[in-house]
Amino acid sequence: MQVDTVVLDVDGVLVDVADSYRRAIVESVERVHGDTIAKADVQAFKDAGGFNNDWTLSDAAALYVLASREGLAMDVAAYTDEIEKRGGGLDAAEAVVAAALDEDARERTYDEWDPAELRAVFQALYLGSERYRDIEGGEPPVEAAGFIEDEPVIVTPETIERLTAGYCVCVLTGRPESEAEIALERVGLDVPDERRFTMDDWEEGKPHPRALVALADRCDADAVAFAGDTLDDVETASNAADATRSRTYYGVGVLTGGLTGEGGRRKYEAAGADVIVDSVNDLPDLLEG
């Protein structure tokens, strides 16, 4: 790959979020609704597409738990398969539930469903009480130390030095800006504001190509490598290539997020990833080689 621009996702690429964001999904649903999904099941939602935002994934997981109490006769695999068939995301999850339950059961499910409370509890668990007060304002609904403190750094200083020395490096993440800043500071990656897209900067979310195309424009790029840890990331690169034929985009699947091992490799291949790497730390050699 001969590229001049490298765009990096944050979660699962620069930092490991298995015990932070994914734990917050599972535990927020448990605290609000008294039951939850397994942490391993989070990946099924990610693979279904449309869940780059972990708040909406939490909403869909909670909807599954509540609908199951009312007679939804599906395991998580079947539920997320149906979501994928309907295009992915929370709207598709609601359509699955609507099709599976009768009117009374649907009404009871939606009466119990509380996305606002889920989001507040999620943020309190993830950020911790002190950061919650600073970032969200007000008192947290639960006291917590903050799962954000349990995010091991994946990317090495050498990788950051080599990438920033040789390429126009950008960040494209589903995190809110404040949380992206915490992660970038932790890993030691200094990226100008104009080379970042966070949740706060666009409504569409991945796999919509707008943010990736905008970053490529800002770098005056001829060829872009986008490294991410989900199938939505690979699709984002593919959609950007379709949107701007005069520029080359490479989707790089990284095996340090929810997709790992040979199973993850096969899913990336099926999704059309141009390259699959064990870690973002393999990227400099790959690009320079």
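**Strands, helices and domains in a predicted model**

Trainee: Which residue of β6 stands opposite Gly-253?

Mentor: This is a predicted model, in which local features need pLDDT of at least 70 and side-chain atom pairs count only at pLDDT 80 or more, while totals for chains, interfaces and linings use all residues. Residues are numbered from 1 along each chain as its sequence is written, and side-chain values use heavy atoms, with hydrogens and water left out. Helices (H or I, at least four residues) and strands (E, at least two) are DSSP runs, numbered from the N terminus. In β6, the residue opposite Gly-253 is Ile-276.

Trainee: How many bridges join β5 to β6?

Mentor: Two strands pair if DSSP finds at least two bridges between them. Strand β5 covers residues 248–254 and runs parallel to β6. The number of bridges joining β5 to β6 is 3.

Trainee: Which strands stand at the edges of the sheet?

Mentor: The open sheet is formed by 6 strands with parallel pairing, in the order β3-β2-β1-β4-β5-β6. An edge strand has a single partner, so one side of it is left without a neighbour in the sheet. The edge strands are β3 (196–197) and β6 (275–277).

Trainee: At what angle does helix α12 run to β5?

Mentor: Axes are lines fitted to C-alpha atoms, for helices over the stretch in contact, and angles run from 0 to 180 degrees between N-to-C directions. Helix α12 (residues 231–243) lies across β4 (223–228) and β5. Its angle to β5 is about 175°.

Trainee: Why is α1 called oblique to α3, and how many nonpolar residues does their contact have?

Mentor: Helix α1 (residues 21–33) and helix α3 (residues 54–69) pack at about 40°, with axes 9 Å apart. That angle makes α1 oblique to α3, because angles under 35 degrees count as roughly parallel, over 145 as roughly antiparallel, 65 to 115 as roughly perpendicular and the rest as oblique. The contact (heavy atoms within 4.5 Å) includes Tyr-21 and Ile-25 of α1 and Leu-57 and Ala-61 of α3. With Ala, Val, Leu, Ile, Met, Phe, Trp, Tyr, Cys and Pro counted as nonpolar, Asp, Glu, Lys and Arg as charged, and the others, Gly among them, as polar, the contact has 3 polar and 2 charged residues, and the nonpolar number is 8.

Trainee: How many Å separate the centres of domain 1 and domain 2?

Mentor: The domain bounds, from an automatic or database assignment, are 5–16 + 152–288 for domain 1 and 18–147 for domain 2. In contact are 15 residues of domain 1 and 17 residues of domain 2. Taken over C-alpha atoms, the separation of the centres is 25 Å.
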